[in-house]
Amino acid sequence: MENNIVSFEKYIRARDERVRKRAIDGIDREEVHRYYTGIIDVSIRHLTLLQRYFIEEYLAEIIVGFFLRGVDASKQYRTGRTTEDIEHSYTKDHFLEIYSLANDYRLSRHIGEWDLYSVSIIAEDLSLKWFRNGLAYGKRQRKLKLL
């Protein structure tokens, strides 16, 4: 009898992973590279290699995480909500997530206060920018019935 039981959890995890991979393909690597060379690299160039590594990993996780959040939040367009409404409803969670990730990476232990402040400003900018990109990408994909 146990062989006839369908595992919906396993199916849902596999489907979510496929959607995640498809959504990550929507990240414009050229745009990330331009932002990195124009803003991030200039801001962290003076730091040691290890400090830069931690910051780059932190910011990369913000880009991917907030893009995926935007793709997921794009479901709310079906209920008639506007981009501004969706952004407003996520604002508090964005700040909590940014600073939670900074704590996870223990950035305050690896870099000084002023550098941490600069990285925080960059992280806030990236989170909003990539959340919006995720919203737009998700909206387009949902119109095409690809998500």
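Colleague: What makes the meeting of the K75 and D72 side chains a salt bridge?
Modeller: The N to O distance for K75 and D72 is 3.1 Å. The term asks for a side-chain nitrogen of Lys or Arg within 4 Å of a carboxyl oxygen of Asp or Glu. So the pair K75 and D72 qualifies as a salt bridge.

Colleague: What kind of model is this, and how are residues counted?
Modeller: It is a predicted model: local features need pLDDT of at least 70, side-chain atom pairs count only at pLDDT 80 or more, and totals for chains, interfaces and linings use all residues. Residues are numbered from 1 along each chain as its sequence is written, and side-chain values use heavy atoms, with hydrogens and water left out.

Colleague: Why is K75 called partly exposed?
Modeller: Its relative accessible area is 38%. Buried means under 20%, exposed over 50%, and partly exposed in between, with a 1.4 Å probe and protein chains only. So K75 is partly exposed. D72, with 40%, is partly exposed too.

Colleague: How many salt bridges does a search of the whole structure find?
Modeller: The search finds 5. One of them joins E97 and R69, with the closest N and O atoms 3.4 Å apart. That pair links distant parts of the chain: E97 is in helix α4, R69 is in helix α3, and they are 28 residues apart.

Colleague: Are E97 and R69 buried or partly exposed?
Modeller: E97 has a relative accessible area of 27%, so it counts as partly exposed. R69 has 25% relative accessibility, so it is partly exposed as well.

Colleague: Which residue forms a salt bridge with E87?
Modeller: R132 does, and the closest N and O atoms are 2.7 Å apart. E87 lies in helix α4 and R132 in helix α6, so the pair ties together parts that are 45 residues apart in sequence.

Colleague: Why is E87 called buried?
Modeller: E87 has 14% relative accessibility, so it counts as buried.

Colleague: Which residues does E87 touch, not counting residues up to four places away in sequence?
Modeller: E87 touches L128, F131, R132 and L135. Contact here means heavy atoms within 4.5 Å.

Colleague: How many helices and strands are there?
Modeller: There are 6 helices and 0 strands. Helices (H or I, at least four residues) and strands (E, at least two) are DSSP runs, numbered from the N terminus. Along the sequence the pattern reads α-α-α-α-α-α.

Colleague: How does the reach of α4 compare with what is expected?
Modeller: Helix α4 (residues 83-104) has 22 residues. From its first C-alpha to its last it reaches 29 Å, close to the 32 Å expected at 1.5 Å a residue. The expected span is 1.5 Å times one less than the number of residues.

Colleague: Where is the kink in α4 centred?
Modeller: The kink is centred on T91 and is about 45 degrees. The bend at a residue is the angle between axes fitted to the seven residues ending there and the seven starting there. Just after α4, R106 takes a positive phi of about 50 degrees.

Colleague: Which residues of α4 are buried, and what do they pack against?
Modeller: In α4, I86, E87, Y90, H94, I98, L101 and A102 are buried. The buried residues of α4 pack against α3 (49-73), α5 (107-110) and α6 (113-143).

Colleague: Why is D115 called partly exposed?
Modeller: D115 has a relative accessible area of 22%, so partly exposed is the label. D115 lies in helix α6. Leaving aside neighbours within four places in sequence, D115 is in contact with H46 and L47.

Colleague: How much of the protein counts as buried?
Modeller: Of its 147 residues, 32% count as buried. Among contacts between residues at least 6 apart in sequence, 83% join residues at least 24 apart.
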